[in-house]
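Let's walk through the strands and sheets together. Keep the model open beside you as you read.

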Amino acid sequence: MEGRGLGGALPPELRPYKRTIDAYADSKVQAFADALVTRPVAASLPPQSLRALLEETFAYIQQKELEAQRNRELRLVIDHDCHASGCGDSACHLCQFNPSRLCKRQLKTKYLIDDHLKAKCGANLQVKLVDQDGNTVTEGPPPGMQLELCVLNGEKYKEVVPEGSLPTQSMLLACIIGHHTKALLKREGGDDAVLRCFLPAEGGRENLSELLLTTSSEALLAGKAPTFRLMLWAVDTAGQPLPHVTHAVSESFVVATKRVKHAIKSDIPSVTDGVTKLVHIGKATVDKLYDMPTSCKEEGFDLQLPPELECIENVGQFQRLVEAMELNGDLKAKIRHMLKLSPEKWEDVAAHAMSAVAPDFRKRSWTDASGTVALLFDAKHGSVLLDKPVGYVRPRAGPDATDIVVPLDQLDPATNQSIAPLQQHAVAAWYQPSHPGWSIFWTPGDGPEAAGPPIAAAPPLSLPPLSGMGLGGGGGGGMMNGYMGGDKAGGGEHAVAAAAAAQQQQQLAIAAARGHMPPPLSHTQQAAAAQ
């Protein structure tokens, strides 16, 4: 009776262990059957007849369970495990300058020919078979089931499927692209002549990112920037859709030729990016922005613009233009007319520019629950480099005391052994809501501008920025030792000056992008920066 699977719905938390539970239940029932045939109550039946009755009962239970599995309502879901390094919370000081935000959709909005099917964050896309409760079905899919992946005409889909409704099979058939002569989706090295794309349905999930997109949507469909959608449905061995498995349809997307690779816009730009990274800004618009006075005169009006707005080359300068236009309706109308942008396109490009982030290389720290030790991490463009801490911090007691920061290569062996488990806790805390224990290594006046203090959940560590203190690479140990040892006549003074110089350099980059400059570096800061 091994592996009978005696039916009965398992609670969701036990479903991953169904095979083990079934085996255990079968062993217990087998023991019950063996004991039953020896009891006086079974004396009226020959042992063989009683065993046959038990076998027939178990077979009946198993058959009912198989029928229930075949007829249960399942659905397909396109999903991915987001690899974004930022949480996307607009109120989070730790992530506010990180352009890597949690994905709001599964597929990217634009792919290039021969791109793999991946999410915007770079994670693999997958299709999952789930039940009505959203649990992945790892056992018992309908016999012979396989998945077919089709490319839909996204423009036709908008016409025939009411918004927010579930398309019928006839609607989907009307949207499937069928006039192509080579595969629209294929695996690396796959055959272009194989027009239909099938995937196995084992284990409850299947990777979609092995597939390449082979054809431009604009080349295949009529119109400007027409869209595709992906559709997955479960089919039987004859290729016919199964009635008890609901299909999955992706968001719309376009596939462009490789020649537009350098024209793809940033999802969240940096203030230092070229203005070409903004939506609706093409070559003709760029030419106008590079010479604003001449462009205005060509349109028949003369505007007195601030010097920093006469040549707009980057996103930060465009932000200044947007801010000026929002204060002056007449200026806004004239500039928008000169740039040949409709009101809708202007709103798009203005919103895109104002979403830009400043360069952020400030270190982050994670403090353990006891508040006695902390790890220091580098950050690049607001993204914390979690794979390698750069310092070990021991906060000192007292309001005027300085925290002790030690480079990892200078730790004693016992402390060094504690780094790996501390790092694991730090990484786990980073991916929790509000990043408990984390803070920006911040003191008043640190850049970038508009940074604000550390979040309340993360106790601040009172050191200047450490970008010049040797924690980011080799050759800085002496500088750190001088500062931490309090040698104000030597390494300590130099380290403080170097930190101030690095901070000022970051502020210079931000300020230059925004079109205004802070005061120049002092001689001491310049000397420290030069070294």
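Strand E1 (residues 74–79) runs antiparallel to strand E3 (residues 126–130), and five bridges join the two. Strands here, like helices, are DSSP runs numbered from the N terminus (H or I with at least four residues for helices, E with at least two for strands), and two strands pair if DSSP finds at least two bridges between them. Within this pair, Asp79 stands opposite Gln126 in E3.

Before going further, a word on the source: this is a predicted model, where local features need pLDDT of at least 70, side-chain atom pairs count only at pLDDT 80 or more, and totals for chains, interfaces and linings use all residues. Residues are numbered from 1 along each chain as its sequence is written, and side-chain values use heavy atoms, leaving out hydrogens and water.

Now step back to the sheet around E1 and E3. It is an open sheet of four strands in the order E7-E3-E1-E10, with mixed pairing. Strand E7 (205–207) and strand E10 (245–246) are its edge strands, each pairing on one side only.

A second open sheet has five strands, ordered E16-E15-E14-E13-E17, and its pairing is antiparallel. Strand E16 (404–407) and strand E17 (438–440) form the edges, each with pairing on one side only. On average, neighbouring strands of this sheet are turned by 40° against each other, direction ignored; axes are lines fitted to C-alpha atoms, for helices over the stretch in contact, and angles run from 0 to 180 degrees between N-to-C directions.

Inside this sheet, strand E13 (residues 364–367) and strand E14 (residues 374–380) pair in the antiparallel sense over four bridges, and Ser365 has Leu376 in E14 as its bridge partner. Finally, look for helix H12 (residues 419–430), which lies across E13, E14, strand E15 (383–394) and E17, where contact means heavy atoms within 4.5 Å. Helix H12 runs at about 130° to E15.
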